[in-house]
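User: I am new to this structure and would like to understand the terms used to describe it. Please set each value against its definition.

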Amino acid sequence: MPAGAETPQPPAPAQNVAIPNFWNPRSRGERVEAPQTGRAVRFLTDDEFPPLHFAGPDGNPTGFVVELARAVCERLSITCTVQARRFDTLLDALNERQGDVVAAAIPLTPTLRSRFLATRPFFRWPARFIARTDRGLPEPSAAALAGKNVGVIAGSAHAAYLKAFFPKATLREFTDLSAAESALRRGETDYVFADGLGLALFVGGFESGNCCALIGGDYLENRYFGEGIGLVTRQEDAALSRALDDALQRLWDDGRYAELYLRFFPVSPF
């Protein structure tokens, strides 16, 4: 980057919605063009996981991941199609050449990387705390949570993280997130620690009754909460993967990522 040049920034978030940035400005290089194949690039997704990917009012796939994929295609000036399939069939369909790119919430793992290529993450699942707003509870820390009741899903990575880093908290384990959120709403726990996306949807939804809010920061340790998600291609499509990766970073630079994020995350999980 030339001396004195400023890193492009996205528009200021509305209502202080936190927009994550997964890109390193030092990693920018020359623009990468998509390979020309003479046909549309076929994106595969699922339509049952809002707000990341779901069926819109017209029945067509939409959601943050889907619209980001469409924006990538616009940025690369390539024609693309988006087809919804059952989530558990997406990688097999990609492997069988029934599509070219998977754009869905499939976690990036060593096992996935051994079979496919993937862009750098464009979304991650932060762990977050929520708490009742009527108790004046402090932001979470190892000391602040000593003796406090914290709801978690039994056997989850979040429960393991709490036991390791908040050892003096009193864990209340639940079978699922809905049960933990309901207990918090009834005042039976002080906090809930879980997937930030699920908690953000609860806080911003009708079921919470405005009882609770996200509190403290996000937790992103890969060992517990994974690497996030990226656009997945076959290993032989390395040129396409590089172009997708570059386009995602350019979308952050020009503010398009922030625009789509604000559309689908009125309460940010970050």
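User: At what angle do the axes of helix H1 and H8 cross, and within what distance do they come?

Analyst: This is a predicted model, in which local features need pLDDT of at least 70, side-chain atom pairs count only at pLDDT 80 or more, and totals for chains, interfaces and linings use all residues. Residues are numbered from 1 along each chain as its sequence is written, and side-chain values use heavy atoms, with hydrogens and water left out. The axes of H1 (residues 64-76) and H8 come within 9 Å and cross at roughly 100°.

User: Why is H1 called roughly perpendicular to H8?

Analyst: Angles of 65 to 115 degrees count as roughly perpendicular. The crossing is at roughly 100°, which makes H1 roughly perpendicular to H8.

User: Which residues of H1 and H8 meet?

Analyst: Contact means heavy atoms within 4.5 Å. Leu 68, Ala 71, Val 72, Arg 75 and Leu 76 in H1 meet residues of H8, among them Ala 243, Leu 244 and Arg 250.

User: What makes strand E2 and strand E4 the edge strands?

Analyst: The open sheet has the order E2-E3-E4. Strand E2 (48-49) and strand E4 (61-62) each pair on one side only.

How values were computed: Pairing = 2+ DSSP bridges. Helix = DSSP H or I, 4+ residues; strand = E, 2+ residues; numbered from the N terminus. Axes fitted to C-alpha atoms, helices over the stretch in contact; angles between N-to-C directions. Parallel < 35°, antiparallel > 145°, perpendicular 65-115°, else oblique.
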